[in-house]
Amino acid sequence: MHQLVEDSFHGIAHLLFPHCCMGCNTVLEHRKEILCYACSSLLPRTNFENQEGNPLEKCFYGRVPIASATAAFYFSRKSILHQLLVCLKYKQHKEVGWFMGRLLGYQLAKAARFQEIDLIFPLPLHPNKLKIRGYNQAALIAEGIQSVWSKKLVLDAAIRTGFSQSQTVSNRVHRWQKMQGVFQLENQSSIQGKRVLLIDDVATTGATLEACGSALLQGKPASLSIATVAYTL
Ligand SMILES: [Zn+2]
């Protein structure tokens, strides 16, 4: 009986406040969905998960030793993906993080090169920023990944102790200097000897991922790989 009441309530709520696709406004059946099938399939896939030596991996050559790297989609301004990331980071749409995480997770689950991964670790947010936003978007993405790809989720391997200005500083060396010491290894035992996959929303300059990756490598994982939702390099 209780289930019947709940179903009826959801049915009425759906009629009064239909849940719509963020891309084309088509009414969606499930609250967990953000885009309809057509809009999801229009997101520009990189196929990096199956491509060794892809542009994202090349970006880390000589900077931080990684086993593999992938990003699910190409980012461009004013695209649906751009809208989704704005909703995730600045408009409290946590469900977008889980949704994007699931899309990335489906790709990882099918990619032979990523099958050896032992655990996933979302790039940490500074505690002050976490207090303001209320959540870490990379952690939501990691939870989305985990819901479709059964890998262990670790949250305490490293912490973020400082801020960076990586978006505004153009010089690469300067950027790198700014990022030094922004992340610190926190719990070595959670990653030592493990094949770690570091997760973030966007790979912009790679400087943040490089800095966090360097901190994680101090914990002597068996390998370090990287996966993001979007690629903008
Ligand atoms: Zn749509």
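A crossing of two helices is left-handed if the near helix is turned anticlockwise from the far one by less than a right angle, and right-handed if it is turned clockwise. In this chain, helix H4 passes helix H5 in a left-handed crossing. The structure is a predicted model, in which local features need pLDDT of at least 70, side-chain atom pairs count only at pLDDT 80 or more, and totals for chains, interfaces and linings use all residues. Residues are numbered from 1 along each chain as its sequence is written.

**Overall composition**

- The chain has nine helices and seven strands; helices (H or I, at least four residues) and strands (E, at least two) are DSSP runs, numbered from the N terminus.
- Of the 233 residues in the chain, 37% are buried. A residue is buried if 20 or more other C-beta atoms lie within 10 Å of its own, exposed if 12 or fewer do, and partly exposed in between, with C-beta atoms placed from the backbone.
- Among contacts between residues at least 6 apart in sequence, 74% join residues at least 24 apart. Two residues are in contact if their C-beta atoms, placed from the backbone, lie within 7 Å.

**The sheet**

- Five strands form an open sheet in the order E1-E7-E6-E2-E3, with parallel pairing. Two strands pair if DSSP finds at least two bridges between them.
- The edge strands, each pairing on one side only, are E1 and E3 (152-153).
- Strands E2 and E3 pair in the parallel sense over two bridges, and Leu119 stands opposite Lys152 in E3.
- Helix H4 packs on the sheet, where it touches E1, E6 and E7, and its direction makes about 105° with that of E6. Axes are lines fitted to C-alpha atoms, for helices over the stretch in contact, and angles run from 0 to 180 degrees between N-to-C directions.
- Helix H9 lies across E6 and E7 and runs at about 165° to E6.
- In general, the strands of a sheet pair through backbone hydrogen bonds, either parallel or antiparallel.

**The nonpolar core**

- The largest nonpolar core has 58 residues, of which Leu198 and Ile199 touch the most other members. Such a core is a set of buried Ala, Val, Leu, Ile, Met, Phe, Trp, Tyr and Cys residues joined through C-beta atoms within 7 Å.
- Elements that give two or more residues to this core include strand E1 (69-74), helix H4 (80-90), helix H5 (94-110), strand E6 (195-203) and strand E7 (223-231).
- Helix H5 gives the most to this core, with seven residues.
- Leaving aside residues up to four places away in sequence, Ile199 touches Ile120, Phe121, Pro122, Leu123, Ala138, Ile141, Ala142, Ile145 and Ala227.
- Helix H9 (residues 207-217) is mostly covered, with 10 of its 11 residues buried; among them are Leu209, Cys212 and Leu216.

**Helix packing around H5**

- Helices H4 and H5 pack at an angle of about 130°, and their axes are 7 Å apart.
- H4 and H5 are therefore oblique to each other; angles under 35 degrees count as roughly parallel, over 145 as roughly antiparallel, 65 to 115 as roughly perpendicular, and the rest as oblique.
- The contact between H4 and H5 is made by Leu84, Cys87 and Leu88 of H4 and by Val96, Gly97 and Met100 of H5.
- Helices H5 and H7 pack at an angle of about 45°, with their axes 6 Å apart, which makes H5 oblique to H7.
- The crossing of H5 and H7 is right-handed.
- Residues of H5 that meet H7 include Lys94, Trp98, Leu104 and Leu108, while those of H7 that meet H5 include Gln137, Ile141, Ile145 and Val148.

**Loop residues**

- Tyr135 lies in the loop between helix H6 (127-133) and H7. Tyr135 counts as partly exposed because it has 13 C-beta neighbours inside 10 Å.
- The C-alpha atoms of Tyr135 and Lys94 are separated by 8.0 Å, although these residues are 41 apart along the chain. Not counting residues up to four places away in sequence, Tyr135 touches Lys94 and Leu140.
- Most residues other than glycine have a negative phi.
- Lys78, in the loop between E1 and H4, has a positive phi of about 65° although it is not a glycine. Lys78 counts as exposed because it has 7 C-beta neighbours inside 10 Å.
- Gln92, in the loop between H4 and H5, also has a positive phi of about 65° without being a glycine. Gln92 counts as exposed because it has 12 C-beta neighbours inside 10 Å.
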